[in-house]
Amino acid sequence: MAKAPVLTPRADDFPRWYQDVISKAELADNGPVRGTMVIRPYGYGLWERMQRDMDARIKAQGVENAYFPLFIPQSYLSREAEHVEGFAPELAVVTHGGGKELEEPVVVRPTSETIVNDYFSKWVQSYRDLPLLINQWANVVRWEMRPRLFLRTSEFLWQEGHTAHATYEDARDFAARIHRHVYADFMENVLAMDVVLGRKTPKERFAGALNTLTLEGMMGDGKALQMGTSHELGQNFAKAFDTRYLSRDGGREYVWQTSWGSTTRMIGALVMMHGDDHGLRVPPRLAPVQAVVLAIKGDEAVLAKAREVGDRLAAAGVRVKVDDRTDTPFGRRAVDWELKGVPLRIEIGPRDLESGTAMLVRRIAGGKEPVAVDALAELCPGLLEEDQALLLRQSRERREARTADVRTPEEAAEVAAGGGWARIPWADLGPEGEAKLAEQAVTVRCLVGEDGSVPRSDDAPGTVAVVARAY
């Protein structure tokens, strides 16, 4: 009888495969309250690496970190009508505290535009206070009816940036800078994810924004996933909270604002974009563990050599872990590291000591071969960069192969139903065609220029709609 696979094959049941990877790679578990999750150490290690790299990129744009309260007075949300209407179905509201009914209910933070503006209105007095550039790393709560770990949970982790500027142009350009130089650069160069940059249609914009810039990635089943957004808020929140400044001319002017965010959803994207039937494949620049050295047997000579190899790799700048748990069967340990997607696996046993070699197994490119132990420290950094480039190339080739140019909404819906993306001129689709597609669970993911650039307006000549089913 054939041995049952560790994971449900992707081709048989992609959603079940996804859940299997999350569980067996020890990324997360379901929390005790429906829609919540417990992020396990390996999953949280991925988030910490993402957080560290993105935080540096955000700060390089002149942004400082701060923290705002989890609880927001309900009246704050009501001050921007479109904003509260957009979030109303997702709000978690606290009505009692300390055994008493609260005088005013408080909302558990779904996003922080309102409370940030309450304080920006105090902090911004003069043009000298601008631009004001703030980011926070926090959790948010949006009550989710159809939860899925990392993709849609009632509580998730994220960063949210909030800025205030003296002019529309400065705010617009800053939102675009975050979109390109923080998010796109990080996703392409660290996560090895091909993403399409565009602007959302009016129907898909963030509640209360003038414009939303998005990054969309194609997952392994052809569906789209929104990877991050950057919003031009205009002056809507500034007017609601009276966030004004004294201009150089002595007038009182409303600020122009942006907000932007990315979340632990990126871990779900990591699984669905790079994973295969053997589990995760983690991009080397992201991987908490880039190489694992496995001692096959428990004798002292093997253990000593494994630790020596680990030390050499660490000295060469490789993030390495030595697995000397020889009381656990070797096959079990090898499968566990394969599930976790560690890029390189170096196996050392008694026979390897005799030959002066180790077995090098490549998780991303595939294959294994004996390599001289003395050559590993010099060889591995180059292999890791090769694997990083391979993942990005594979994700781009998948999107290009599964994207079709069409002329009608019916053709677009057919492509999306078949697990692909469609490109259709926005002039041929428009809001009416977008509404028809929505009836078939197909959405306009973003608007792009013919050359792949981000249009400055919805009706810019040559604008193309990217259409797909999405998570």
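I shall take the pockets, then the cavity, then the nonpolar cores.

This is a predicted model, in which local features need pLDDT of at least 70 and side-chain atom pairs count only at pLDDT 80 or more, while totals for chains, interfaces and linings use all residues. Residues are numbered from 1 along each chain as its sequence is written, and side-chain values use heavy atoms, with hydrogens and water left out.

Rolling a probe the size of a water molecule over the atoms shows where empty space is left. On a 1 Å grid over the protein atoms alone, a cavity is a set of points where a 1.4 Å probe fits but cannot get out; a pocket is an open set with protein on both sides within 12 Å along at least five of seven lines; and lining residues have an atom within 4 Å of a point. A volume is the space filled by probe spheres set on the points, which are joined across faces, edges and corners.

The largest pocket holds about 1,600 Å³ of space. Its lining has 50 residues, and Glu 90, Arg 142, Arg 152, Gln 226 and Arg 265 are the closest to its centre. Among the elements that each supply at least two lining residues are helix H4 (81–87) and strand E8 (155–165); helices (H or I, at least four residues) and strands (E, at least two) are DSSP runs, numbered from the N terminus.

The second largest pocket has a volume of about 300 Å³. Arg 172, Ala 176, Leu 213, Val 454 and Arg 456 lie nearest its centre, out of 17 lining residues. Which element gives the most to this lining? H6 does, with 8 residues.

Helix H6 returns at the largest cavity, where H6 again gives the most to the lining, with 3 residues. That cavity has about 30 Å³ of space, and Tyr 168, Arg 172, Glu 232 and Trp 256 are among the residues that line it.

I turn to packing. A nonpolar core is a set of buried Ala, Val, Leu, Ile, Met, Phe, Trp, Tyr and Cys residues joined through side-chain atoms within 4.5 Å, where buried means under 20% relative accessible area (1.4 Å probe, protein chains only). The largest such core has 58 residues, and those touching the most other members include Leu 27, Phe 150 and Leu 280. A second, separate core of 23 residues includes Tyr 76 and Phe 241.

Methods:
Buried < 20%, exposed > 50% of the residue type's maximum accessible area, 1.4 Å probe, protein only.
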